[in-house]
Amino acid sequence: MKTVAVGFAVATAVASCTGADPDEGSESSRSSEPEKTASGVERFALAAEPVWRGDTGGLPEIMTSGWHSARYVDDVLLLEYSDASTAVVDPETGEPYWTADSELMAGNGAKNGDVELSSTTGYAPLSRVRGEWAMFVTYRTGYHTEGAERGRWTAAVRVKDASLLWKVPALVEPYDIVDSDERIVLLAIGSLDDRPVARAISTADGSTVWETKDVWGRFLAGEHVLGTVSSQPPELAADDSYVVGLDAETGQRRWSLEGRYHRSEVGFVVGDVALVYVRPVAASDQEEVVLVDVASGAEIAKLGWDFGGKNSCAGDDSRLIACTLDDKPDSPEGDRLVTFDVAQRAKHVSPPEQDVGRFSVKKVEGDYVFVDDDTSGGDDWWAVDRDGVVVSDKLPGVLIGISEQYAAFTLPDGNIPAVYQREQ
């Protein structure tokens, strides 16, 4: 196992698992077991060369760089760059099934009708509709054909081929399609000058299920919806912001964090736990990161202190939350890597001797926490375990998506996407 020197201890597999000298070269000293750290995490390993790159995989030239998200959906890979740039490709070759950049195009570059797709947020919610994976988007027609009747809808399109599953007339007011599950699609309606409305529409056909005024819709979480009450849209971080929980079936308010903290703002949801940034007192620029139960709003755990960046925490779909945070306000001890297992309700803090202050958490997957090294100008990326021990060689770029077989990155040279085979 290669030892990586990045300013803190790196475990070696043989030494961690057997106590043997890692430099000993005899066959008898080599274990057939996967290499693991002291915490029991296997190394995260990739093939030396990518399976394909965005500039060689068949994408249109205008779409070969800049992707920020890659999601493996059954047997296709969904790439997203902005609210109007999407591609669905073969995960093994990069050959496109369809692309949308202003206009919807078939994989061979042919125009696929006079259709525009946009996700409103740059990250389209996904759920199954009639057994097919669908993405929920704004759907426009007639804007590229002279004399054609123009139309604009909220729609569900099949991920694999962009075929239309249903559409309903789009709202006149500004709105975002923010989340979805097998029952409802959540819309956040409003702008800086508007009274906000959280609206749920049916995943099956787009019909309105309920709407709740004066709430910015944010996340779906099983039987509950998390929203924000504030005088401004959530991205503006108004000082009067607080988090509320709604019933997902009716939209009725079930709980509120108003008065418990000076302000609160939901970061994301993992399973039945929400990560929330709270400001305990007024006139403070330091925010505490806490976890709350989505069903009741009860505080489950305190993770640490963030200083306004809100860019050092991430979670996977259902199990693990990870952050690099300070132990307490103005802590001289530096950051700690803090993880929380949602199923076990277990918090874990990296040991003091592990210097993880240089790291920012970017993504979490399984037992791996993917971080970038702030001291290197953002050009070094690693996989670490929950103790902050490096379990990979330097990664080729920023991880934007992962499956059991592949890992997708954007490379530092031109933000070109590249897919690598994972080695087991």
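Which residue is the bridge partner of Leu325 in strand 27? The views below lead to the answer. This is a predicted model, in which local features need pLDDT of at least 70, side-chain atom pairs count only at pLDDT 80 or more, and totals for chains, interfaces and linings use all residues. Residues are numbered from 1 along each chain as its sequence is written, and side-chain values use heavy atoms, with hydrogens and water left out.

View 1. Strands here are DSSP runs (E, at least two residues), numbered from the N terminus, and two of them pair if DSSP finds at least two bridges between them. Strand 26 (residues 320–326) has 7 of its 7 residues buried, so the rest of the structure largely encloses it; buried means under 20% relative accessible area (1.4 Å probe, protein chains only). Leu320, Ala322, Thr324 and Asp326 point one way, while Ile321, Cys323 and Leu325 point the other. A hairpin of 4 linking residues connects strand 25 to strand 26, and Gly315 stands opposite Ile321. On strand 27 (residues 335–341), which pairs with strand 26 in the antiparallel sense over 7 bridges, Arg336 is the bridge partner of Leu325.

View 2. The order is 17-18-19-20, with antiparallel pairing. Strand 17 (216–221) and strand 20 (253–256) stand at the edges with a single partner strand each, so one side of each lacks a neighbour in the sheet. Between strand 18 (residues 224–229) and strand 19 (residues 242–247) there are 6 bridges, and Val225 sits opposite Leu246.

**View 3. Leu117 in strand 8.** Leu117 belongs to strand 8 (residues 115–118) and counts as buried because its relative accessibility is 8%. Its C-alpha atom is 9.2 Å from that of Ala155, 38 residues apart along the chain.

Methods:
Buried < 20%, exposed > 50% of the residue type's maximum accessible area, 1.4 Å probe, protein only.
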